[in-house]
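Visitor: I would like to learn how to read the features of a model like this one. Please show me the structure, then begin with contacts.

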Amino acid sequence: MTQESERTTDTVLTRFEHWARTTPDTRAVLSGTFDLSYGELDRRANRLARHLLDAGLPAGATVAVGTARRADAVLAVLAVLKAGGTYALLDPDSPGVAEHELRAARPFALVTHTSYRARLDHGQGLLVVCLDAEAQRLEARSTEPVRAAPAPDAAVLFTRSDRPRAVPVSQARLLAAFEAWARVGAFTAEDRHLVTARADVTDFSAGWTRALCSGGGLAVSEGPHWMPHEIRRRIGEDRVTVVHADPGTAQRLAGPPAGQPDQRRPEDDLAPVRLLSVTGDRLFLDEQAELALRLRTGVRLLQVWATTEAAGCGTWFELSQLPRPEPAPRQSCLIGTPFPGCRAEVRDGELHLSPPEGGDLVPTGDHGLLRPDGLLEFTGRDRDGTAAGPGGTDLQKIEAVVRSREGTGSALVRTVSAPGGRQRLVAYLAPYTLAPSGAHPGLPDAAGLRAYLRGRLPDDQIPQGVVHLETLPRTRTGREDRDGLPLPAQPARAGTGRVKFAGRAVPGASGGGLAFLYGCLAIFPGALAFLLTLLMWPRSVDLTAVPSPWAGLFFVLYLCECLAFGVGVVVLCVGRRPMLAQGRPRGLTTAAHLALVYLLASWWPQDNLYRLADKYDYPRQALLVYLFNIPLMIAAFVLAVFVTRPPEVPFDFDDD
């Protein structure tokens with residue numbers, strides 16, 4: 001029986017298997033260190049599919065795939081589809097997110113590596129397949145095609161949020177999304193695709209089909225995630241022709257403007273690219289035009305508005321769709337026209353979208369309008385701050401007006417609590433063209449921005465504060481991160497007009513310089529601690545009965561304890577000022593400073609006291625536990641709060 005007759009339903013798997021039969025030697029997965037041809041990828045997927053079925057995988061069951069190796073992730077996805085299952089790609093390097101995704105997907109089995117098993121498998125009774133531990137058994141499996149009927153759902157995809165929601169996607173929808181993308185992107189078997197998104201983001205978890213269902217190649221990262229320098233290198237090495245990225249990654253990838261000194265021209269690295277699709281967040285027209293100028297002439301630049309429910313399909317826009325020059329490009333975010341098979345409408349200001357295979361329109365939670373020229377315009381989303389300002393102010397409308405000022409760049413607006421409990425609006429500004437650190441003279445100060453906005457916005461909607469950032473923070477999925485914006489702190493003298501940059505306001509030595517300085521200064525108090533040990537607890541360092549080499553190892557441990565005590569003394573004396581410069585609240589900084597001192601200095605006395613205490617002397621053991629261990633836990637908690645709390649950065653404040 002041939003493989004064609006085994007699968008009578010057209011799916012993304014049959015599309016891949018077609019290319020595996022007709023072009024088995026063509027490179028399918030390009031991972032940097034090794035490549036997999038279509039034939040080899042198909043054979044390995046058959047082995048893993050048989051392994052899953054022999055282990056008892058029921059028909060239609062969901063299989064979670066959590067591995068940092070993207071090549072293995074793609075292999076596992078194909079194997080799950082071959083075995084008649086439904087795949088759910090996880091991001092194992094985001095443990096909290098991966099755990100939530102596992103609970104949401106409710107899988108029967110987990111495919112991973114040994115190093116990730118403890119992180120992902122928490123005794124949930126899952127069938128676990130570790131690809132590295134079971135490599136020999138997998139190699140012994142047959143490579144013959146697997147005769148399993150496709151499951152109703154091809155995949156479980158996850159939404160772009162801190163607590164992702166699981167979205168089942170049918171076989172027909174996943175295939176329709178691929179076909180819609182293939183028509184818009186004009187994909188061919190000569191294309192090489194690179195997707196910068198994390199494995200669990202729809203751009204990758206559904207986007208792999210754009211390469212492997214069209215006979216092209218899929219370039220995957222060598223590590224858990226793409227690094228910016230790696231993307232450029234791999235584009236050149238693998239001759240990548242299609243890149244899918246979020247706006248922040250696309251801007252870093254395109255590089256600085258051509259006229260900037262001492263910078264390499266972006267087309268030197270991006271020469272093979274013919275199509276760059278940008279999705280995951282808004283991209284204003286001026287940003288899109290700027291990106292287009294920094295790319296090689298002839299490269300297609302698409303702004304894509306896509307939803308997880310539509311398997312990463314939705315609407316698309318490129319500048320050539322504009323019938324005439326746009327009068328307000330800094331305030332317009334166009335998402336264009338629907339993908340083939342999709343329908344999009346605006347109902348009561350909310351965008352509604354149908355899936356690519358057809359069906360009823362569903363609300364998306366995003367806002368927009370249909371322009372007279374037939375193009376859809378994106379105007380914001382509820383979860384990103386619409387109606388979240390003082391008195392129900394639409395923050396995203398304020399941001400659009402702020403951006404209309406020449407040279408403003410990217411902008412986010414949020415409310416903060418000012419002295420006296422008043423709520424103030426603060427604008428966070430960043431240039432959208434890369435530049436040397438601190439070289440952003442076009443960004444306005446608070447007084448200049450307020451002067452520009454008078455008459456354009458009501459007085460109560462004009463931001464009183466301005467924070468300059470080198471780049472806007474983004475979430476792990478590539479969206480602008482409002483919650484990740486640093487908290488502003490009013491400077492000593494308001495309205496100075498000075499430009500300050502978050503992340504560059506910390507004075508003093510670098511981290512490595514501070515560590516070396518603390519280590520040198522700690523030698524004297526550390527030596528004093530060792531001498532005090534000999535005077536106060538001589539028996540605690542008695543090693544005469546300990547054989548070699550253990551005696552030497554214990555002696556080194558004693559020296560390290562004394563040195564830690566010395567570092568704690570130094571941090572107590574000189575550490576508070578650098579910690580205050582981090583910009584976090586003074587009370588929290590003081591608590592964290594003392595906690596850090598305790599964590600460093602307490603090792604010396606507590607270990608000496610523990611070594612001299614009889615392990616059966618329970619009253620003394622309990623006293624030591626409550627005297628040292630409980631404060632250690634409290635100190636660790638205080639430091640955890642300190643390092644995870646966003647810093648308060650200086651901002652220019654104008655109270656006029």
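Guide: Contact means heavy atoms within 4.5 Å. This is a predicted model, in which local features need pLDDT of at least 70 and side-chain atom pairs count only at pLDDT 80 or more, while totals for chains, interfaces and linings use all residues. Residues are numbered from 1 along each chain as its sequence is written, and side-chain values use heavy atoms, with hydrogens and water left out.

Visitor: Which residues does Y87 touch, not counting residues up to four places away in sequence?

Guide: The partners of Y87 include V63, V77, V80, L81, A154 and W208.

Visitor: How is a nonpolar core read?

Guide: In soluble globular proteins, nonpolar side chains tend to be buried together. A nonpolar core is a set of buried Ala, Val, Leu, Ile, Met, Phe, Trp, Tyr and Cys residues joined through side-chain atoms within 4.5 Å. Buried means under 20% relative accessible area, exposed over 50%, and partly exposed in between (1.4 Å probe, protein chains only). Here the largest nonpolar core has 82 residues, and Y87 and W208 are among those with the most contacts inside it. Its largest share, ten residues, comes from α4. Another core, of 20 residues, lies apart from it, with L253 and L291 among its members.

Visitor: How do I check helix α4?

Guide: Helices (H or I, at least four residues) and strands (E, at least two) are DSSP runs, numbered from the N terminus. The expected span of a helix is 1.5 Å times one less than its number of residues. For the 13 residues of α4 (residues 70-82) that gives 18 Å, and the end C-alpha atoms are 18 Å apart, which agrees. Of its 13 residues, 13 are buried. After α4 comes G84, with a positive phi near 80°.

Visitor: Which strands does the chain join through α4?

Guide: Two strands pair if DSSP finds at least two bridges between them. Strand β3 (residues 62-66) pairs with β4 in the parallel sense over four bridges, and V63 has Y87 as its bridge partner in β4. The chain crosses from β3 through α4 to β4 in a right-handed β-α-β crossover. Right-handed means that, with the strands pointing away from the viewer, the path from the first strand over the helix to the second runs clockwise. In β4 (residues 86-89), T86 and A88 on one side and Y87 and L89 on the other are all buried.

Visitor: Where is D348, and is it buried or exposed?

Guide: D348 lies in the loop between β16 (344-347) and β17 (350-353). D348 is exposed, with a relative accessible area of 85%. Its phi is positive, near 55°, in a residue other than glycine.
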